[in-house]
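Hi,

Here's the structure I promised to pass on. Have a look at it first, then read my notes below.

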Amino acid sequence: MIILKNVTKVYKNGTEALKKINMAIPKGEFAFIIGPSGSGKSTLVKLIMREEIATYGEIYVNGFDMQGIDRYQIPTFRRSIGVVFQDFKLLPNKTAYDNVEFALQITGTHKRDISKMVPQLLDVVGLKHKDKAYPDELSGGEQQRVALARAIANNPDLLICDEPTGNLDPKTSIGIIELLGRINKMGTTIIVATHDSNIVNFMQKRVIVLKDGRIINDKMRGQYI
Amino acid sequence: MSFTNFFRIIRESFTNLSRNRVLTITSIFTVFLTLVLIGVFGLFLLNLSYNASSLDELLEVKIFIVTEADIDTINAFNERLVLDSRIATIEYVSKEEAFESTKELFDEDLLDLGLGADFLPASFVVTLNNYDDVDYFVAEVREMPEVYKVVYHKDSFNFTSNYSKWIRMISGVLGAILAFLAVLLISNTIRLTVYSRNDEVVIMKFIGATESRIKIPFVIEGGLIGCIGAIISFIVTGLVYSKLYSAFASTSGEEMFLTGLRMAPLKETLLMIFFGYMVLGVLLGVLGSLMAIRRHLKV
């Protein structure tokens, strides 16, 4: 599913964000990537999303070669992943329904299918009753649920979450992570980059620990160190 | 892209433009100024060339022979013209032919006024091969004793060759500066919409929108700015031209005959302005957005 071989990332300013990273995340796994600020978490996530390109090494995600992928193939690749951000990135002038609908429109889903799928997706995240609410009428947790519904709208094989609970209180965070757990059980591979020890310890899933651009620990049922 | 999608993008573009109202209006105004300036000079040149006659006419020289010249003098003169290598064509208009064509111009019978063919001079209408020869040729011919008068399109020729060159240059430079400004302003407007919609772009990118699906709305926005600017310019220029045209059409026939001025036909000219403005306006808009996208939109 995700394979990294000897991956090094050096930014233009000379910062070596990742150093010879080797890892593999099989299909259907739930993995946390943790580490202090500047450890390379975000860079690793960006490489997997193909927002950045590795300086050296090989990266394969969902069968796509991230180093050699053609420009026109990138949208196809991105349709096989879902992304959740810390700041939700909901469109403020669109309702919860419209925000989820937007993801389906962009990928050219038929109007008839959209009207069936959006209520189902909102139901999965427990917000069917708030479909007409605008983001500013929703709590942080609810906004992240809408963002999750949008991320899984196109039925991705892989869901990448960059600090998904960074803006949420501990209780709400657990709710979100439980929801991610349910999505994972449906077969979606999930990667969560975080430094929220609460959710890591709660889930008891694989934990990959980064420090100074290197993997210093990788445990199948890990705890936040 | 389906029709529904296309109309959605157009609708969204209008909404986005109305969000950055001040910049949008400024950009539209610049497009308007650019197009009107180019249009006014364009129309001026169009009417000038419409009046300045064809190139052949500019090469044409009419030589009137003194009325008392006999047939031998005329023949001798004709011989000299035939031998002149600068001349391409020669047409002889006899006194009688001149009288006939003059009669057609006037309602009253010239004979009633006691005038006959004798009072009109015979003439040669010659066409030269080269513009540069016109002045020398005319000067030479004027010196000849059998020549009564020489008429040629010196004024219009000089005007079109000298002044129109300047007019073209000035309008070209001003037009280019304004067009450049318009492109810059549109680019700035689109840059701001790119920034204000950064989240939307990021979402689209990670949802798997194609590059063109992300970029096209911005290009359409630029095109819309150009299009609106073009429509306003067309309304203003069209109204002014129609007014001028009707004012010209109402002047008396005599005045028209004496000045020899005509305006380029209304319908065709308006159509030309409309399409010209539209093409140029949309082009400026699209160029502006492409510039902004290239610099500020990372997909």
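This is a predicted model: local features need pLDDT of at least 70, side-chain atom pairs count only at pLDDT 80 or more; totals for chains, interfaces and linings use all residues.

Let's start with β4(A), which pairs with strand β5 (residues 64-65) of chain A in the antiparallel sense over two bridges. (Strands are DSSP runs of E with at least two residues, helices are runs of H or I with at least four, and both are numbered from the N terminus; two strands pair if DSSP finds at least two bridges between them.) V61(A) sits opposite F64(A) in β5(A). This hairpin has two residues between its strands, and N62(A) there takes a positive phi near 50°. β4(A), residues 56-61, also pairs with strand β1 (residues 2-10) of chain A, again antiparallel, over five bridges. There, T8(A) faces Y56(A).

Residues are numbered from 1 along each chain as its sequence is written, chains are lettered from A and ligands numbered from 1 in the order written, and side-chain values use heavy atoms, without hydrogens and water.

Now the cysteines. A disulfide is a covalent bond between the sulfur atoms of two cysteines. Counting sulfur pairs within 2.5 Å, I get zero disulfides over all chains.

Over in chain B, I170(B) lies in helix α7 (residues 154-196). At 43% relative accessibility, I170(B) is partly exposed too.

Cheers

Terms used: Buried means under 20% relative accessible area, exposed over 50%, partly exposed in between (1.4 Å probe, protein chains only).
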